[in-house]
Amino acid sequence: MLVRLQLLASSVAGGLLLLVVLCLGGQNLSDRPQLWLGFGRSAPLPSGFLVGLALVVGVISGGAATALLMPGANQDPGRE
């Protein structure tokens with residue numbers, strides 16, 4: 001259980017650190033497209049920011065999925 005919590009915390013912390021770096025790097029870009037979200041349009045955001053945001057979401061969701069799918073301490077490897 002502690003390993004799962006550490007893995008989840010490290011993936012969230014890494015994702016947040018990537019988000020901070022992304023926000024600092026996306027300050028002065030002039031090309032700002034909008035996304036169609038199905039129910040409305042997003043605010044004008046730099047295209048690099050949108051790609052980086054997808055990367056951050058992937059890091060966080062990948063770490064969370066790994067933490068959830070790890071075998072428990074009472075399970076034998078290969079026997080779920």
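**Helices, loop and contacts in the predicted chain**

Ser-42 is in contact (heavy atoms within 4.5 Å) with Gln-34, Leu-35 and Leu-37, leaving aside its neighbours within four places in sequence. This residue, Ser-42, lies in the loop between H1 and H2. At a relative accessibility of 16%, Ser-42 counts as buried, because buried denotes under 20% relative accessible area, exposed over 50%, and partly exposed in between (1.4 Å probe, protein chains only). The structure is a predicted model, in which local features need pLDDT of at least 70 and side-chain atom pairs count only at pLDDT 80 or more, whereas totals for chains, interfaces and linings use all residues. Residues are numbered from 1 along each chain as its sequence is written, and side-chain values use heavy atoms, with hydrogens and water left out.

The protein chain contains two helices and zero strands; these elements are DSSP runs (helices H or I, at least four residues; strands E, at least two), numbered from the N terminus. Of the 80 residues in the protein chain, 16% are buried. The accessible surface of the chain (Shrake-Rupley method, 1.4 Å probe; for residues, only the protein chains shown count as cover) amounts to about 6,000 Å², and carbon and sulfur atoms account for 69% of it. When contacts between residues at least 6 apart in sequence are considered, 58% join residues at least 24 apart.

Helix H1 comprises residues 2-25 and includes Ser-11. Ser-11 is buried, with a relative accessible area of 9%. Beyond its neighbours within four places in sequence, Ser-11 is in contact with Val-59, Ile-60, Gly-63 and Ala-64. Leu-7 is likewise placed in H1, and at 27% relative accessibility Leu-7 is partly exposed. Not counting residues up to four places away in sequence, Leu-7 touches Gly-63, Thr-66, Ala-67 and Met-70. The C-alpha atoms of Leu-7 and Gly-63 are separated by 6.7 Å, although the two residues are 56 residues apart along the chain.

Helix H2 (residues 47-69) has 23 residues. From its first C-alpha to its last, H2 reaches 33 Å, close to the 33 Å expected at 1.5 Å a residue; the expected span is 1.5 Å times one less than the number of residues. The buried residues of H2 are Phe-49, Leu-50, Gly-52, Val-56, Gly-63 and Ala-67. Val-56 has its C-alpha atom 9.0 Å from that of Leu-17, and 39 residues separate the pair along the chain. Leu-17 belongs to helix H1 and is exposed, with a relative accessible area of 55%.

A nonpolar surface patch of about 220 Å² is made by Leu-8, Val-12 and Leu-16. Patches consist of residues with over 30% relative accessible area and no salt bridge, like charges being joined within 9 Å and nonpolar side chains (Val, Leu, Ile, Met, Phe, Trp, Tyr) within 5 Å. A salt bridge is a side-chain nitrogen of Lys or Arg within 4 Å of a carboxyl oxygen of Asp or Glu.
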